[in-house]
Amino acid sequence: MKRVNTIFFDLGDTFRIIHKDEAYSTAARQEICDLLGVTEDANEYYTEVIEPRYDGYREWALKYLCEAPEKELWTRWLAYDRPRELVEKNASALCYAYRKSKGERVVTDGGIEVTKELFRRGYTLAIVSDLVGTHEVDEWLEKDGLKPYFKSVQQSSVCLLRKPHPGIYYYALEECGADPQRTCFVGDNLERDIIGAKAAGLGMTIGVRYPNKAKKPQEVTPENRPDRFIHHFNELLQIFPELSEEDRL
């Protein structure tokens with residue numbers, strides 16, 4: 001088999017990690033209330049109303065392996081009892097505020113440097129991520145100067161498919177013009193990231209297990225076992241050497 005020349009990245013807990021900051025989260029929860037015209041205590045409204053509703057939505061999304069459009073998410077699931085016109089108008093901002101309510105997302109140690117080096121070595125790079133909201137990722141890539149390095153950015157909130165549905169990987173493969181067998185997926189969630197990548201026929205998978213991650217590692221099974229694990233993003237530079245002209249796309 002020819003050498004891998006395309007690398008897809010998951011975002012949450014892989015390329016970006018959440019930095020917990022209560023003041024940051026509280027401000028985001030207050031923003032949700034302001035956008036919805038809610039006068040209740042922001043943390044209380046978030047805990048007692050938004051989160052239980054999101055749990056119901058997430059159960060539906062995981063069952064059908066899809067993501068609802070922003071307006072549908074908020075008018076059907078999260079704020080169906082607020083004025084519809086107001087909710088629709090603010091749906092994008094509400095999604096972004098909801099994401100921020102979990103904490104500030106920052107690139108993992110070495111993420112920017114590794115991305116630039118892999119690109120220099122000749123690899124085609126792409127993002128395949130499950131998340132709500134359509135503007136956050138583009139704004140972040142622009143802010144961190146990473147936009148030129150990714151040939152495709154597939155988000156469940158845009159293509160409306162969630163991992164492990166192979167369709168979201170197919171979109172990235174098509175946009176990159178990549179051979180599935182020469183493509184590697186890097187992600188932390190074995191049940192979604194790795195199983196989905198295998199279902200899409202990707203030739204290599206790498207599981208991420210950062211030592212400071214609070215969540216308990218998932219059980220490894222024959223179905224979700226990646227080809228290898230990494231414990232720091234920089235390890236990717238040991239796995240993927242510089243490509244020859246022949247090995248590039």
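Reader: Which residues do ring pairs link into a cluster?
Author: In this predicted model, the cluster joined by ring pairs consists of Tyr-46, Tyr-54, Tyr-57, Trp-60, Tyr-64, Trp-77 and Tyr-98.

Reader: And how many aromatic pairs does the count come to?
Author: The count comes to 16 aromatic pairs. One of them is formed by Tyr-57 and Trp-60, whose ring centres are 5.8 Å apart. Their planes meet at 35°, so this pair is tilted.

Reader: Where do Tyr-57 and Trp-60 lie along the helix?
Author: Both belong to helix H2, which covers residues 42–64. They are three residues apart there, which means a separation of about one helical turn.

Reader: Is Tyr-57 buried or exposed?
Author: Tyr-57 has a relative accessibility of 1%, and it therefore counts as buried. Trp-60, with a relative accessible area of 21%, is partly exposed, because buried requires a value under 20%.

Reader: What about Trp-60 and Trp-77, how far apart are their ring centres?
Author: The centres of these two rings are 5.3 Å apart, and the planes stand at 40°, so this pair is tilted. Trp-60 is in helix H2, whereas Trp-77 is in helix H3 (residues 70–78). The pair therefore ties together parts that lie 17 residues apart in sequence. Trp-77 itself is buried, at 16% relative accessible area.

Reader: New topic: which charged end sits over the ring of Trp-60?
Author: That is the charged end of Arg-76, at 5.2 Å from the centre of the Trp-60 ring.

Reader: And what lies over the face of Tyr-80?
Author: Arg-53 is placed over that face, 4.1 Å from the centre of the Tyr-80 ring.

Methods:
Residues are numbered from 1 along each chain as its sequence is written. This is a predicted model: local features need pLDDT of at least 70, side-chain atom pairs count only at pLDDT 80 or more; totals for chains, interfaces and linings use all residues. Side-chain values use heavy atoms; hydrogens and water are left out. Rings of Phe, Tyr and Trp (its six-membered ring) pair if their centres lie within 6.5 Å; planes under 30 degrees apart count as stacked, over 60 as edge-to-face and the rest as tilted. Helices (H or I, at least four residues) and strands (E, at least two) are DSSP runs, numbered from the N terminus. Buried means under 20% relative accessible area, exposed over 50%, partly exposed in between (1.4 Å probe, protein chains only). A charge sits over a ring if NZ of Lys or CZ of Arg is within 6 Å of the ring centre and within 35 degrees of the ring normal.
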